[in-house]
Amino acid sequence: MVGGRLDLLDPYDVAELGGIEFTAEGVVEGFLAGLHRSPFKGFSVEFAEHRPYQAGDELRYVDWRVLARSDRLTVKQYEAETNLRSMIVLDVSRSMAWRGADRRLTKLGYAQRLVAALSLVLLRQRDATGLIAFDEEVRAVVPARARVQQRWSLLSTIAGLDAGHGTAAEPALRRVTDLLRRRGLVVFVSDLLFDRDLALLAMQYLRHRGHQVMVFHIMDPSECELDGPPEARFEDPETGAGVVVRPREFRAAYRETVRRAIVAWRHALRRVGIAYFPVLTDTPFGHVLRRAAARRSRLG
Amino acid sequence: MGFLQPLALLGLAAAGIPALLHLLQRRTPPTVPFPAVRYLAETERRHSRRLKLRNLLLLLLRMALLACIAVAAARPVARLPFGDLHGPSALAVVVDNSLSSAAVQGGRRVLDALTDRARGVFGRTASGDHLWLVLADGIPRRVTRIEALLALDSLRPAGVRLDVADAVRAAARVVADDPLPGEVVVVSDLQRGAVSSGPLPPARTLVAGVPAPPENRGIAAVRITPDVWSAGGTVVSTLDGTGTDDRPVRLEIGGVVVARTLAAPGRDAVMSVEGVAPGWHAARVLLDPDELRGDDVWHVAVRGAPPTATSVARGAGPFVQQAIGVLQEAGRLSHGTEVRLGDRVEIGRTILFPPDEPVELGGVNRALAARGIPWRFGDPLTGEWTLQGDLRGLEDARVLRRYHLTGEGQVVATAGGEPWIVRQGALVIVASRLEPRWTTLPVTAGFVPFLDALINRVAAAEAWRVEAAAGATVVLPSSAAALLGPQGRLPLATAGAVQAPTEPGVYFLLGNAGDTVGALQVNHDRREIPLEPAAPREIRTVFGPDAGPYAAGALDRELFRGARRADLAGWFLALALLFAAVELGLASAGGRVRED
């Protein structure tokens, strides 16, 4: 298992190998090794400088003239690309600290590793990357920077996060607008178990400010497929609200309700140009990153 | 509606099990942390009403399912016209296995068809029914269904006659006396002669129809003359039945055919035989076999003996002397001293009359005492008395004078209930002189036959010949102590009237000393010979307006009509299956509740 590509392994098995930093490195290495170009490239056409080619860079950005003259692989870097500012918004509410099976990561654990890998990918592209963690209030803020130390700052912050209480996404998203003055990329990672209208309003505002927005909807498989004792009181760990049902009776209808919720999110976000990725916590990280990269590529 | 197994209704309590389980499961359910409660709440909000309705329906279906099974187990029955069950009933089945049931029709015995119909009737009975079986003896016997079927399995044609109407009336009485509603079913060939008219049976009677009978002829009677064959005799046979053509008739004595002739129904067949050895002989008159074999044989007893040698003293009176002379001329008596008749006590067989002179009576009584005879002539009596006894010729005679006979012993005839002829050993004492001043007997036509019987049968101990139909009641002479028949010696428990054996044949009557005192000729009843069935109208007249006769299917419909019930268990089981199917479908659909 260790000899394989970590981005394609079961997330729980990957998490068993070490801390967030180690696993994020492994995932990113595996992820980039399987790509033929940079996953999150910029979209500016104003040339800035050359830099040495590195694995994962797209071949179309290789400067063939320099290669012909000096026999060195270099790629052209553009102004906006070098100055892409990314802000990752991570939901650390109590609902994220839940898993439906012992051999699965909690939604928060999964999201932490996904965010760590994503930030490493962005930093490798010399994109300024920051982080905002929130529950019912903003819990942690790491401003977006492209410095070498930013990597350790982000990873240590991510690793230090634990589940909070309730969820209030809208203040966190508004905080992003303060931290991203220029147009940039906002990656929103959450289980989306909060008021949809308020969150959509904030995201629309981000879009209005010219930011690209990607939403990772983190879900445990057990949240999609209702199971449990013949009759049980299902209780929300955040609000304490509960409902008594017999899972066998509601299984199909619940599955349909979840499907409709996902469809509703997807349609609502698509209307305002926001990329939406429903993610189950048993999905290998590489798959998620690849889908996001492909989507980002189309948007770029 | 009633229940055949009412105890099973206790199972209705099981119908409460689903509700009980529902209540038990209403305990506080376990709490499961689940972040996506908002999705669940939304689902529950959309479907709770439908689910509650569905759960209530499931609960009711399960309760109804268990209730239906419990009710079905209790075997519910209801009074419905299409039912094939019935309430507890009394049923008497008359199966006519009389002689005529032995007839063969279409290669099959009529009795087999009758027992098949009877088995079908008993097959319709239930465990709570009160059952009687009436066979050819006409006696209703209480039976269980198993006993009845076993009796039918071993049933054979009897040689006796059954008056079906009488048997039905007897059966109807026991059915009417039973507290359960009852019916009588008649399974018979319904010979016209067996359906005698009379009062309607006191219970509903159904008659099972049978196929038309075959043609038949049989021997209706046989007459032997004279009673005792000295030099030979004549056998006169009378045939009855259908057809007019002549058929061979044979006479067998001791297994040897001694005479043959031809005869047709309605005509006598006369066969003469010359010479027969002294003693009793079992003889048979045989008709060629036809579809009913039982009436093709007639059993008779033939006795060969020389005439009794008789002498008459003057003291016997002129009427006796002249009558004896007639008998000697006719060959019934011969001249000799085997039997003496007079007014003196003689040595040997004697018929003693009172002396004409009363003064001689004392000497006669002393002579009786000297012979050890317990009888004495007592006071003279005058009056008018009728005679009773089993001697021919007594019926029309009167006694005007007689002596009171005192003593103990065998009484042969009585006058006004007192001994008139008595017998002690070889001595026969008559209480009156046989003269017109004493009795009217000498001037009646029966006088000579009377003396014939008195000498040949009483004094000379000539035996009796008695005829009886198989199974019928017959009066045997008191001197008979046992019967000697084809099955061996049969002791007679009681004297007088007894039931004749059901097996036709010649049964010799044995005295206490083992001597043969007569013969009983047991034969079929001549009324069994005509097989023509009674018309439906006659049947309805005798048994009731709805008596039938009915074919098999119609009889099934009529049987237990008053107590007809339908078994609803199948309906309840079908209903339970329906509930189970609906419950299964509903419960399966419950796991697939989808968004509208």
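I began with Leu192(A), which lies in the loop between β6 (185-190) and α8 (196-208) of chain A; helices (H or I, at least four residues) and strands (E, at least two) are DSSP runs, numbered from the N terminus. I noted that this is a predicted model, in which local features need pLDDT of at least 70 and side-chain atom pairs count only at pLDDT 80 or more, while totals for chains, interfaces and linings use all residues. Residues are numbered from 1 along each chain as its sequence is written, and chains are lettered from A and ligands numbered from 1 in the order in which they are written.

**Backbone angles.** I looked up phi of Leu192(A) and found a positive value near 55° in a residue other than glycine. Is Leu192(A) buried or exposed? Leu192(A) counts as buried because it has 22 C-beta neighbours inside 10 Å; the rule is that 20 or more other C-beta atoms within 10 Å make a residue buried, 12 or fewer make it exposed, and counts in between make it partly exposed, with C-beta atoms placed from the backbone.

I then turned to Asp71(A), which is not a glycine either but has a positive phi of about 60°. Asp71(A) sits in the loop between α3 (64-70) and β2 (74-78) of chain A, and it counts as exposed because it has 7 C-beta neighbours inside 10 Å.

**Cores.** I next looked for nonpolar cores, meaning sets of buried Ala, Val, Leu, Ile, Met, Phe, Trp, Tyr and Cys residues joined through C-beta atoms within 7 Å. The largest has 93 residues, and Val93(B), Val94(B) and Ala171(B) have the most contacts inside it. Helix α5 (residues 164-177) of chain B gives the largest share of this core, 9 residues. I also found another core apart from it, with 81 residues, including Ile88(A) and Phe250(A).

**Where the chains meet.** I found that the contact takes 25 residues from chain B and 31 residues from chain A, two residues being in contact if their C-beta atoms, placed from the backbone, lie within 7 Å. On the side of chain B that touches chain A, α2(B) gives the most, with 10 residues. Finally, I saw that strand β8 (residues 232-235) of chain A and β2(B) pair in the parallel sense over 3 bridges, where pairing requires that DSSP finds at least two bridges between the strands. In this pairing, Glu235(A) stands opposite Pro33(B) in β2(B).
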